[in-house]
Structures are given as structure tokens and as C-alpha cells.
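Reader: I've got a structure to look over before I set anything up. Can you walk me through it, question by question?

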Amino acid sequence: MKKIALFVFNGDPMCFIHVLLNALDMQAKGYAPKVVIEGAAVKLIPELVKTDNPLNGLWQKNLAAGLSEGVCKACSTKLGTLEAAKEQGLALLDDMSGHPSMAGYRDQGFEIITF
């Protein structure tokens with residue numbers, strides 16, 4: 001099974017929707033995708049759980065499918081969304097000076113795609 005780490009840095013909801021759609025599509029086609037939320041994208045975390053948010057349904061599907069790897073601890077701290085990430089039970093990724101390490105994913109056999 002091909003492992004793919006989808007690192008999303010872009011905080012634009014129109015970009016994030018494509019990450020969520022691709023993660024679900026990859027899983028349906030036999031891949032093992034993981035979504036890593038980094039950079040400005042962490043600002044979306046508190047909004048994703050709001051039922052009136054257009055991304056909520058896809059976010060819930062991704063969570064239910066186990067596709068969310070977690071969120072950058074440093075970025076969510078800096079941008080004020082750390083508590084929202086904790087409330088959602090998201091893993092805090094911090095193995096590279098507070099950020100998720102791409103090299104760590106490569107070492108585990110993941111292909112990395114950035115958004």
C-alpha cells in the first residue's frame with residue numbers, strides 16, 4: 001500500500017477542500033494517505049467543526065476514516081488554534097523543533113505532497 005503524507009500549509013478553504021477530497025479518494029483507491037495540517041492551514045481548525053461550515057462534512061468524513069495525522073504544534077500555538085486542536089482530539093505534531101518533520105515521514109516510506 002502506497003503511503004502518502006499530504007502536508008497542507010495553505011489556509012485557503014478552497015485549497016483545503018482539495019486536500020480532504022484527495023485524501024478520501026486515495027484511501028478509496030487503496031492508498032494510505034495522512035493529512036498533516038501545517039502553517040496557515042491551522043487557522044481553519046476551529047472552523048472545521050462548525051456544522052454551517054461548508055468543509056464540515058468532508059472534515060468529519062476524513063476524521064471518521066482516520067486520515068487526519070495531526071496538526072503542527074508550533075503553528076497552532078503561534079496562530080492561536082492549539083486549544084481548538086486539543087478539543088478536537090487532534091494529535092500535536094512536533095518532532096522537528098515544534099513542527100512535523102517531513103524527513104520523519106520519508107523515513108517511514110511516505111511520499112510527500114504539499115499544498
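Reader: How far is the sulfur of Cys75 from the closest cysteine sulfur?

Author: Keep in mind that this is a predicted model. The closest cysteine sulfur to that of Cys75 belongs to Cys72, and the pair is too far apart for a bond. A disulfide would need the two sulfur atoms within 2.5 Å. Here the distance is 3.5 Å.

Reader: OK, how many disulfides does the structure hold, then?

Author: A disulfide is a covalent bond between the sulfur atoms of two cysteines. Cys72 is in no disulfide, with the sulfur of Cys75 as its nearest cysteine sulfur. The count for the structure is zero.

Reader: Are Cys72 and Cys75 buried or exposed?

Author: The cut-off for buried is under 20% relative accessible area. Cys72 has a relative accessible area of 0%, and Cys75 is at 13%. Because both values fall under that cut-off, Cys72 and Cys75 are buried.

Reader: Which residue touches Cys72, Cys75, His99 and Pro100?

Author: Look in the loop between strand S2 (32-37) and helix H2 (45-48). The residue there also touches Phe7, Val8 and Phe9, leaving out residues up to four places away in sequence. That's Glu38.

Reader: A charged side chain in that spot makes me curious. What is the nearest side chain of opposite charge to Glu38, and how far away is it?

Author: Glu38 is buried yet has no salt bridge. A salt bridge would need a side-chain nitrogen within 4 Å of a carboxyl oxygen. The nearest side chain of opposite charge is Lys43, at 13 Å.

Reader: Ala40 sits in that loop too, between S2 and H2. What does Ala40 contact?

Author: Ala40 is partly exposed, at 33% relative accessible area. Leaving aside neighbours within four places in sequence, the contacts of Ala40 are Phe9, Gly11 and Leu79.

Reader: Back into strand S2 for a second, where Lys34 lies. Which residues does Lys34 touch?

Author: Lys34 counts as partly exposed, at 24% relative accessibility. Its C-alpha is 9.9 Å from that of Leu24, a residue ten places off in sequence. Not counting residues up to four places away, Lys34 touches Ile4, Ala5, Leu6, Gly66, Leu67, Glu69 and Phe110.

Reader: On to charge pairs: how many salt bridges does the structure hold?

Author: Among them is the pair of Lys29 and Asp25, with the closest N and O atoms 3.3 Å apart. Lys29 is exposed, with a relative accessible area of 59%, while Asp25 is partly exposed at 33%. The structure's total is five.

Reader: How many residues apart in sequence are the parts that Asp94 and Lys73 tie together?

Author: The side chains of Asp94 and Lys73 meet in a salt bridge at 4.0 Å, N to O. Asp94 lies in the loop between strand S4 (92-93) and helix H6 (102-107), and Lys73 is in helix H4 (residues 73-78), so the bridge links two separate parts. Asp94 is partly exposed at 37%, and Lys73 is partly exposed at 34%. The parts they tie together are 21 residues apart.

Reader: And Lys86 with Glu83: about how many helical turns separate them?

Author: Their side chains meet in a salt bridge, 3.7 Å from N to O. Lys86 is partly exposed at 46%, and Glu83 is partly exposed at 48%. Both lie in helix H5 (residues 82-87), three residues apart, so the separation is about one helical turn.

Reader: Zooming out, what pattern does the protein chain follow along the sequence?

Author: The secondary structure comes to six helices and five strands. Read along the sequence, the pattern is β-α-β-α-α-β-α-α-β-α-β.

Reader: What is the radius of gyration of the protein chain?

Author: The C-alpha trace spans about 35 × 30 × 20 Å along its principal axes. For 115 residues the globule rule gives 13 Å, and the chain comes close to that, so it is as compact as a globular protein of that length. The radius of gyration is 13 Å.

Reader: Last one: what percentage of the residues count as buried?

Author: The accessible surface is about 5,800 Å², with 54% belonging to carbon and sulfur atoms. Of contacts between residues at least 6 apart in sequence, 73% join residues at least 24 apart. The buried share of the 115 residues is 42%.

Methods
Residues are numbered from 1 along each chain as its sequence is written. This is a predicted model: local features need pLDDT of at least 70, side-chain atom pairs count only at pLDDT 80 or more; totals for chains, interfaces and linings use all residues. Side-chain values use heavy atoms; hydrogens and water are left out. Helices (H or I, at least four residues) and strands (E, at least two) are DSSP runs, numbered from the N terminus. Buried means under 20% relative accessible area, exposed over 50%, partly exposed in between (1.4 Å probe, protein chains only). Lys and Arg count as positive and Asp and Glu as negative; His and the chain ends are not counted. Contact means heavy atoms within 4.5 Å. The radius of gyration is taken over C-alpha atoms; the globule rule is 2.2 Å times the number of residues to the power 0.38. Accessible areas come from the Shrake-Rupley method with a 1.4 Å probe; for residues, only the protein chains shown count as cover.
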